[in-house]
Amino acid sequence: MRKLHLIALCIAMVAMLAACGGEMEKAEKKDEQADVATGEIAPAGKLVLGVAGAHSGDLASYGLPTVNAAKLVAAKVNAAGGVNGMQVEVVAQDDQCKPELATNAATKMLSDDVKIVLGHICSGATKAALPIYAESQIVLMSPSATNPPLTQSGEYPNFFRTIAPDDAQAALEVAFAKGLGLKKIAVIHDKGDYGKGFASFCKQFVEKEDGMEVTLFEGVTPGAVDYSAVVQKIKSSGADAVIFGGYHPEASKIVSAMRKKNIDIPFLSDDGVKDDTFIKVAGKYAEGVYATGPMDFSANEIYKEAVAAHKKEFGADPGPFFPEAYSAALALLTAVENAGSTDYAKVTEALRTKYVDTAVGKIKFDSKGDAEGVGFAIYQVRDGKYVEVK
Amino acid sequence: MDYFLELLFGGLTRGSIYALIALGYTMVYGIIELINFAHGEIYMIGAFTGLIVAGLLTMLGFPGASILAIALVCAVIWAAAYGYTIEKVAYKPLRGAPRLSPLISAIGMSIFLQNYVMLSQTSDFLPFPELIPEFDFLKGSGFPMSSPELVIVLSTVAVCIGLTLFIKYTKLGKAMRATAQNRKMALLVGINVDMVISATFVIGSSLAAVGGVLIASHIGQINYFIGFIAGIKAFTAAVLGGIGSIPGAMLGALVLGLTEAFATGYVSSDYEDVFAFCLLVLILIFRPAGIMGKEKIQKV
């Protein structure tokens with residue numbers, strides 16, 4: 001009898017809290033399917049587009065969408081008569097995102113006399129393969145390698161990318177802060193890889209600017225019950241703005257604590273905070289907060305067309321880096337067309353000087369190889385919504 | 001000087017938060033020598049109950065202060081029921097078992113409750129309404145504390161005084177002390193030990209629920225995982241002060257809160273936890289039973 005009581009008690013407890021819970025939404029993700037073309041060497045009169053990246057192994061899901069993107073672009077270009085009369089053929093080489101396999105893939109491309117390569121996917125693999133491509137004057141364009149020195153070191157004039165480098169967000173943030181006339185910046189982070197990395201880049205860029213200084217550089221412990229001590233520290237440091245690197249739970253706690261202590265200086269953060277949950281949780285304190293986030297290209301016609309083509313051809317939504325890869329393939333083929341041949345000097349010249357319409361917008365490449373016009377934008381919370389700041 | 005005062009009051013608030021939770025740990029340990037790892041989850045459930053009740057009352061259009069009062073009462077009742085049930089389900093059947101068994105049972109209970117709330121509610125962060133009203137007399141007075149902070153500190157002080165008086169003067173309080181001293185002897189003189197243990201869990205859980213609602217309303221957000229970190233810190237505070245001792249838990253919590261605040265303010269918040277735990281190690285080296293703990297003589 002006592003046991004029955006106990007069981008009844010437990011059930012009552014569970015039932016009452018559970019009754020308040022919302023329905024769980026189950027979203028099943030379909031695995032992207034893509035097969036790797038094991039292409040042969042193209043006969044004369046064909047333009048070979050090499051695609052290198054992780055096509056098998058743990059990181060294949062990052063690499064395979066690029067293969068699909070290359071195939072779709074090739075099919076589209078071929079249907080319109082090819083590049084300068086040449087039919088485009090896609091040849092894929094797998095590197096599993098491993099540097100040692102990446103050099104093999106590069107050597108294979110070289111021996112197959114491929115002149116333009118889309119890839120690699122991972123920064124480490126790209127870095128390992130780049131010297132081989134550079135030496136034999138093969139143009140390489142990555143949709144996903146974000147390591148800053150790949151372009152910024154200036155060692156690889158043959159390397160281009162359609163994704164913004166890791167420090168682009170921090171660079172944009174600091175430039176924006178400068179534009180607002182902010183001088184003394186308190187940089188706070190959550191001690192995590194992402195937040196601290198972003199904060200360190202911000203600190204570096206602020207220190208480079210004349211007339212701007214970092215008054216405070218501190219990490220907070222995620223999940224701590226109270227951030228008032230850090231907030232006091234921000235106040236006493238005399239900062240006229242806060243840049244926060246991290247995710248929205250800490251951001252909303254810090255910004256709420258600041259506003260409650262009547263510290264009304266601008267709060268700038270990263271795309272870990274550009275999340276609607278932040279606005280929901282921080283409520284009225286979220287108003288006016290700036291956050292950087294990826295540029296919105298969902299309204300881009302070429303992007304929409306590419307996604308529709310992908311669904312039709314492969315029966316699934318495209319995977320990660322698909323828009324970047326699609327744009328890179330378009331940019332490469334257009335550059336060859338503009339150059340009139342696959343001559344290295346002419347193709348790189350065309351990439352750097354002629355704008356091309358792609359799925360991520362109208363782009364051309366700067367002298368170092370980063371795409372101009374891709375990457376991040378600044379958003380601000382206005383009336384409970386993130387609005388792009390132009 | 002202002003900076004020092006602000007840090008001092010910030011540390012006091014933080015210490016009070018820890019104290020409200022640490023009291024539950026230390027009471028349970030005092031009575032049955034069990035570290036109730038599910039206590040942090042009771043705090044979290046108290047906060048969730050407060051959120052649900054406050055949401056309902058706001059929809060029904062109740063005035064501000066009454067929402068806080070009703071949410072507090074509901075959270076206390078609900079969390080107390082959880083505390084009672086957890087004791088009956090997870091610890092009572094293991095009362096004669098070796099000491100490790102209830103400890104494992106406590107950890108299991110903690111994980112179960114976290115996951116249960118995550119599945120039945122959400123794994124996302126939820127906004128918690130500001131239930132504590134802004135006091136007019138604090139505005140512009142230059143007093144370095146906001147009204148939620150003041151409310152938290154004052155409630156902790158009130159709870160501590162009330163609890164001390166309760167343990168010292170009431171019949172149940174005396175029975176608790178007797179059970180803590182010697183359970184068998186307490187049984188022999190006619191104390192209903194099971195009832196006393198249940199009462200301890202109910203009181204400890206109620207305090208955690210009060211803490212849950214007040215703190216969540218101060219911070220403004222909750223999720224299923226808040227009990228873990230708060231619980232670990234409160235447990236540290238209880239050990240620091242001498243686990244099993246009620247004044248010890250309060251003192252330990254204050255020392256921990258102030259250490260963290262000053263470490264952040266004068267050194268760096270990167271090292272907040274480093275200082276807190278270095279202090280714990282130092283105190284345990286010189287006073288192995290904690291600041292106010294009684295050293296037990298072990299007979300071999």
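Mentor: Two strands count as paired here if DSSP finds at least two bridges between them. Keep in mind that this is a predicted model. Look for A:Ser269, which sits opposite A:Ala291 of E10(A). To get from E9(A) to E10(A), the chain goes by way of helix H10 (residues 276–282) of chain A, and this β-α-β crossover is right-handed.

Now turn to another partner of E10(A): strand E14 of chain A, residues 376–382, pairs with E10(A) in the antiparallel sense over five bridges. Here A:Ala291 shows up again, this time opposite A:Tyr379 in E14(A). So much for the close-up.

Stepping back, chain A has 13 helices and 15 strands. Its C-alpha atoms fill a box of roughly 80 × 70 × 40 Å along the principal axes, and 48% of its 390 residues count as buried. Take the contacts in chain A between residues at least 6 apart in sequence, and 68% of them link residues at least 24 apart.

Chain B comes in at the contact, to which it brings 34 residues while chain A brings 33. On the chain B side, the helices that each supply at least two residues include H1 (2–32) and H8 (193–219). H1(B) gives the most, seven residues. Sorted by class, that side of chain B has 14 nonpolar, 13 polar and seven charged residues.

H8(B) deserves a look of its own. Its 27 residues reach 38 Å from first C-alpha to last, close to the 39 Å expected at 1.5 Å a residue. Of those 27 residues, 22 are buried, so H8(B) is largely enclosed by the rest of the structure.

Last stop, the inside. The largest nonpolar core has 141 residues, and those with the most contacts inside it include A:Cys202, A:Val242, B:Ala19 and B:Ala237. Beyond its neighbours within four places in sequence, B:Ala19 is in contact with residues including B:Thr156, B:Ala237 and B:Leu254. There's also a second, separate core of 73 residues, with A:Ala106 and A:Leu333 among them.

How values were computed
Residues are numbered from 1 along each chain as its sequence is written. Chains are lettered from A and ligands numbered from 1 in the order in which they are written. This is a predicted model: local features need pLDDT of at least 70, side-chain atom pairs count only at pLDDT 80 or more; totals for chains, interfaces and linings use all residues. Two residues are in contact if their C-beta atoms, placed from the backbone, lie within 7 Å. Helices (H or I, at least four residues) and strands (E, at least two) are DSSP runs, numbered from the N terminus. Ala, Val, Leu, Ile, Met, Phe, Trp, Tyr, Cys and Pro count as nonpolar, Asp, Glu, Lys and Arg as charged, and the others, Gly among them, as polar. The expected span of a helix is 1.5 Å times one less than its number of residues. A residue is buried if 20 or more other C-beta atoms lie within 10 Å of its own, exposed if 12 or fewer, and partly exposed in between; C-beta atoms are placed from the backbone. A nonpolar core is a set of buried Ala, Val, Leu, Ile, Met, Phe, Trp, Tyr and Cys residues joined through C-beta atoms within 7 Å. A crossover is right-handed if, with the strands pointing away from the viewer, the path from the first strand over the helix to the second runs clockwise.
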